[in-house]
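Dear colleague,

Please find below the structure that I am handing over to you, with the sequence alongside. My notes on what was found in it follow directly after.

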Amino acid sequence: MKVIIMHENFMLEAIKEAEKAFAIDEVPIGCVIVYHNKIIARAHNLRESKQSAIAHAEILAIEKACNIIGSWRLEDCTLYVTLEPCPMCSGAIIQSRMKTVVFGAYDPKGGCIESCMKMYETPGFNHYPETIGGILEEECGALLKQFFRQKRKQKKANTSPK
């Protein structure tokens, strides 16, 4: 029970990052990286702001964590992210040797831990992180649903005849 509460507390911090993304009209995905029970890196999606396909929350947080630790190896770190990682982020997690990945909502259109593919069950990689999915899943999913509902409403308002 204590471990679940710890995961929920760190996921709440990732949700705060997702809310920052929402506030600047980015897809609301947030991430924190924890080392020895302390958050060392925080990030949220910045693809639109940076006009960069790789400005995902996980990639930005991994880069910050590497700078803090002074190594590309994040072997004793846990990554918390509000949405199941995509193939690029799942690969970056492998490459950084992340110990554990904890995610909130499942992503049936791009998640590569459980949904579209099970990347961490593919034979041949030299590292496989532990994974835990569905932590505060409803809260993480609700933020994404609200964002995309708002986007559809804006699009409809902009395309409807006046």
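In strand β4, V101 is the bridge partner of L79, and β3 and β4 (residues 100–105) run parallel, joined by five bridges. Strands are DSSP runs of E of at least two residues and helices are runs of H or I of at least four residues, both numbered from the N terminus, and two strands pair if DSSP finds at least two bridges between them. Please keep in mind that this is a predicted model, in which local features need pLDDT of at least 70 and side-chain atom pairs count only at pLDDT 80 or more, whereas totals for chains, interfaces and linings use all residues. Residues are numbered from 1 along each chain as its sequence is written, and side-chain values use heavy atoms, with hydrogens and water left out.

Strand β3 also pairs with β1 (residues 30–35), this time in an antiparallel arrangement with five bridges, and within β3 the bridge partner of V34 is T78. T78 is buried at 16% relative accessibility, where buried means under 20% relative accessible area, exposed means over 50% and partly exposed lies in between, computed with a 1.4 Å probe on protein chains only. Leaving out residues up to four places away in sequence, T78 touches V32, I33, V34, M98, T100 and V102, contact being heavy atoms within 4.5 Å. Seven of the seven residues of β3 are buried, so the strand is largely enclosed by the rest of the structure.

The next point concerns the annotated residues. The unreviewed UniProt entry has a "binding site" annotation that covers H56, C86 and C89. Although these residues are spread over 34 residues of sequence, they cluster in space, with a largest C-alpha distance of 9.4 Å. The lining of the largest pocket includes H56, C86 and C89. For such annotations, UniProt positions are given in the numbering used here, feature names are shortened, and the annotations may be inferred rather than shown by experiment. As for the pocket, the search uses a 1 Å grid over the protein atoms alone, and a pocket is an open set of points with protein on both sides within 12 Å along at least five of seven lines, whereas a cavity is a set of points where a 1.4 Å probe fits but cannot get out; lining residues have an atom within 4 Å of a point.

C86 is in the loop between β3 (77–83) and α4 (87–95), and C86 is buried, with a relative accessible area of 17%. Beyond its neighbours up to four places away in sequence, C86 touches H56, G110 and C112. C89, by contrast, sits in helix α4 and is buried at a relative accessible area of 0%, and its contacts, with neighbours within four places in sequence left aside, are H56, E58 and I59.

A disulfide is taken here as a pair of cysteine sulfur atoms within 2.5 Å, and the structure holds zero disulfides.

E58 is buried, with a relative accessible area of 4%, and, neighbours within four places in sequence aside, E58 is in contact with C31, L79, V81, L83, P85 and C89.Turning to helix α4, its buried residues are C89, S90, A92, I93 and I94, and what covers them includes α3, β3 and β4. The helix is followed by R97, which is found in the loop between α4 and β4 and counts as buried at 13% relative accessibility. R97 has a positive phi of about 65° although it is not a glycine. Most residues other than glycine have a negative phi. D25, in the loop between α1 (2–23) and β1, likewise has a positive phi, near 65°, but D25 counts as partly exposed at 37% relative accessibility.

Lastly, the end C-alpha atoms of helix α5 (residues 137–159) are 33 Å apart, which agrees with the 33 Å that its 23 residues should span at 1.5 Å a residue, the expected span being 1.5 Å times one less than the number of residues.

With best wishes
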